[in-house]
Amino acid sequence: MVKHQPFQVYEKQVFVSLVTGIYGCRWKRYQRSQDDSSRWECSWFMILSTSFLLLLFWAYFWLVAQNDFNEFNWSVYNRSGEWRDETVPILASTTVGLSYISVLMILALFHISLGQQLNLYWLHKIGVLATLLTTISGVVSVEDIWGEEWGVLLVSLQFTAPFLHIGALTTVTALSWLVAGYVVRRERSNFQIMVLIIYIIILLALYLAPLTFTCPCIMEGHSLKPRPDVIGRRGAPMLAPENTMASFNRALQHGASSLEADVTLSVDGIPFLMRDRTLRRTTDVRTVFPDRQHDDASSFNWTELRSLNAGRWFLERDPYWTVETLTGRDRSRIGNQTVCSLLEMLRLAVRANSSALLNIRRPPPGHPRYRNWFMDTMWAMQKAGISHKRVRTVTWTPDTDRGRVRGFQQTTNEKLPVLEIRQRGITSLTLHYSQASHKEIREYLANNVSVTVYPVNEPWLYSLLWCSGVPSVSSDAPQVLRKVPYPIWLMSQNAYGFIWITSDLVSLAVVIGIFSFQKWRMSGMHNCNPEQIMLSAVPNRSSRDVNIMKEKLIVSELNGLSSTEELSLFPENADARYSHGGLSR
């Protein structure tokens, strides 16, 4: 007697195997399950989602903070005493972490879409947890070292909000497939209702979000103000060492209309240009005066300052990754730069018919020129032959000393009310871009108070301030802003309103369509007879497909029949047995 027990036939599911294999190391069919995921695995999915959203926030922050990378490295230098480009490891780790978490997030969503049970592999759990903790520690570190930089997020949203809105709306609309598949199940639960309510709230919030946007570049083209003037902040420090003659020359070559410098007084009363309190970062003082490398820059006389090299550090450290773009002649010129005096810089401004913005740091108490700093600065200006009207000064001194500089165009880096600005005789403001809102800029300009915004190194920020009507910006990268002849994007209110309403309506139609289709699909599956499903799952197979069928043969001896005779019956009846889809005994 021969018993035929056909095994179930499985089609290859390469994609499902790939998804479950990478996500949970479940490469075999018997390792997979379509049961509901456990609460433990759902918790890990929430941790994965939290890591993904936090990394998106982290990556976006560093993307827009690229405008201030030099400020970040300077902050780290002031703490550690060593100059390093700390943004490189941060960007590298962020890219790797975001790529890894994004892949896992996509695989998890595929699991939900395919109805597969979530089961994150233990190595991935360690990776997700490590990524989450690393990102949290990074956020805490930035808050400690560079907390004021968080303001760039709000500023950037004035420029990116319309595009982020479209991206978020597209993502949430696509997620309706998963939400609908979960909500329209026959089994009803309170959690399903909660998921649906949360989804509807998020969707409605996105539909109405543009009502809260304040985007200066959503305006009529004829209302656009003239292109803001670019001030070379310490020259062009990305192309040559900051506060050197080479740097100021490069700034003028790239279209800077004015030059900005940091002024300090030497012990013998010569105003010179230096940003830092010490000379360690931008000179070779460690080699020439090793015992005085931590001394205040104002404690050196002019002869000592002039003996220092102020350009070799730029070639050795390459702080902006631009040295490779320099010609041999430029490198030779940079390598021979010395500490620049205020007189040299002002004479260059006179020859170029340019103006100057001076950040003057008063010498510390006990300095020989502590009481004569103003006369020493005036002497340099008079000797350079520059008009007082072409010099703006930001003096790092108390208000009691402001009366001494009334011959100049006084500016301040404090955001003050218009009335107080008039009372103090201030003619212009020099504000950080995070301090100047669109509305406040309009108010200052309406009251004839000039506004200069710093630092502006990226085209998106320059475009935003251009739309806001800012007359001038201070930049470390005049060579970059020179390539921005027009705001990156400019859109009328009517055009944006049309895009907003259209995208909302399209999204709503797609969501309704997806929910309707999922409900129809689920109802069709519920109405189908399980026996019909089984019968329909057994197709007529050709002889070519027979080789994929597996059957178990149990051979037993019968009275009066040999094994050969029993087996000879099989070929004649095999097709008939398969055609009836049953067993033959």
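Guide: S298 is placed in the loop between α9 (285–288) and α10 (302–306). Helices here are DSSP runs of H or I with at least four residues, strands are runs of E with at least two, and both are numbered from the N terminus. This is a predicted model, in which local features need pLDDT of at least 70 and side-chain atom pairs count only at pLDDT 80 or more, while totals for chains, interfaces and linings use all residues. Residues are numbered from 1 along each chain as its sequence is written, and side-chain values use heavy atoms, with hydrogens and water left out.

Visitor: Why is S298 called buried?

Guide: The relative accessible area of S298 is 2%. Buried means under 20%, exposed means over 50%, and partly exposed lies in between, with a 1.4 Å probe and protein chains only. S298 therefore counts as buried.

Visitor: What makes the link between the side chains of S298 and D296 a polar contact?

Guide: The distance is 2.7 Å. The definition asks for a pair of N or O atoms within 3.5 Å; within protein, one must be able to donate a hydrogen and the other to accept it, and residues adjacent in sequence count only if both atoms are side-chain atoms.

Visitor: Which residues does S298 contact, leaving aside its neighbours within four places in sequence?

Guide: They are T264, L265, S266, V267, P364 and H367. Contact means heavy atoms within 4.5 Å.

Visitor: How many cavities of 30 Å³ or more does the structure hold?

Guide: The structure holds one, and the largest cavity has about 60 Å³ of space. A cavity is a set of points, on a 1 Å grid over the protein atoms alone, where a 1.4 Å probe fits but cannot get out; lining residues have an atom within 4 Å of a point. Points are joined across faces, edges and corners, and the volume is the space filled by probe spheres set on them.

Visitor: What lines the largest cavity?

Guide: The lining consists of E242, N243, T244, L273, M274, T282, A310, W313, V339 and C340. By class, six are nonpolar, three polar and one charged. Ala, Val, Leu, Ile, Met, Phe, Trp, Tyr, Cys and Pro count as nonpolar, Asp, Glu, Lys and Arg as charged, and the others, Gly among them, as polar.

Visitor: How many aromatic pairs does the structure hold?

Guide: There are 25 aromatic pairs. One of them joins Y121 and W122, at 5.8 Å centre to centre with 55° between the planes.

Visitor: Why is the pair of Y462 and W466 called tilted?

Guide: The ring centres of Y462 and W466 are 6.0 Å apart and the planes stand at 55°. Rings of Phe, Tyr and Trp (its six-membered ring) pair if their centres lie within 6.5 Å; planes under 30 degrees apart count as stacked, over 60 as edge-to-face and the rest as tilted. The angle of 55° falls in that remainder, so the pair of Y462 and W466 is tilted.

Visitor: What separates Y462 and W466 along helix α17?

Guide: Y462 and W466 are four residues apart in helix α17 (residues 459–468), which means about one helical turn.

Visitor: Are Y462 and W466 buried or exposed?

Guide: Y462 is buried at 0% relative accessibility, and W466 is buried at 4%. In the other pair, Y121 is partly exposed at 27%, and W122 is partly exposed at 49%.

Visitor: What is particular about the backbone at R234 and D318?

Guide: Phi is positive in both, near 60° for R234 and near 45° for D318. Most residues other than glycine have a negative phi, and most peptide bonds are trans. R234 lies in the loop between β2 (229–233) and α8 (245–253), and D318 in the loop between α11 (312–317) and α12 (328–335). Both count as buried, R234 because its relative accessible area is 6% and D318 because its value is 17%.

Visitor: Where is there a cis peptide bond?

Guide: It joins Y454 and P455, with omega about -25°. P455 is in the loop between β9 (450–454) and α17.

Visitor: What makes L357 a buried residue?

Guide: L357, in strand β5 (residues 355–360), has a relative accessible area of 0% and therefore counts as buried. The C-alpha atoms of L357 and L259 are separated by 6.2 Å, although the two are 98 residues apart along the chain.

Definitions and conventions
1 Å grid on protein atoms, 1.4 Å probe; cavity = no way out; pocket = protein on both sides within 12 Å on 5 of 7 lines; lining within 4 Å.
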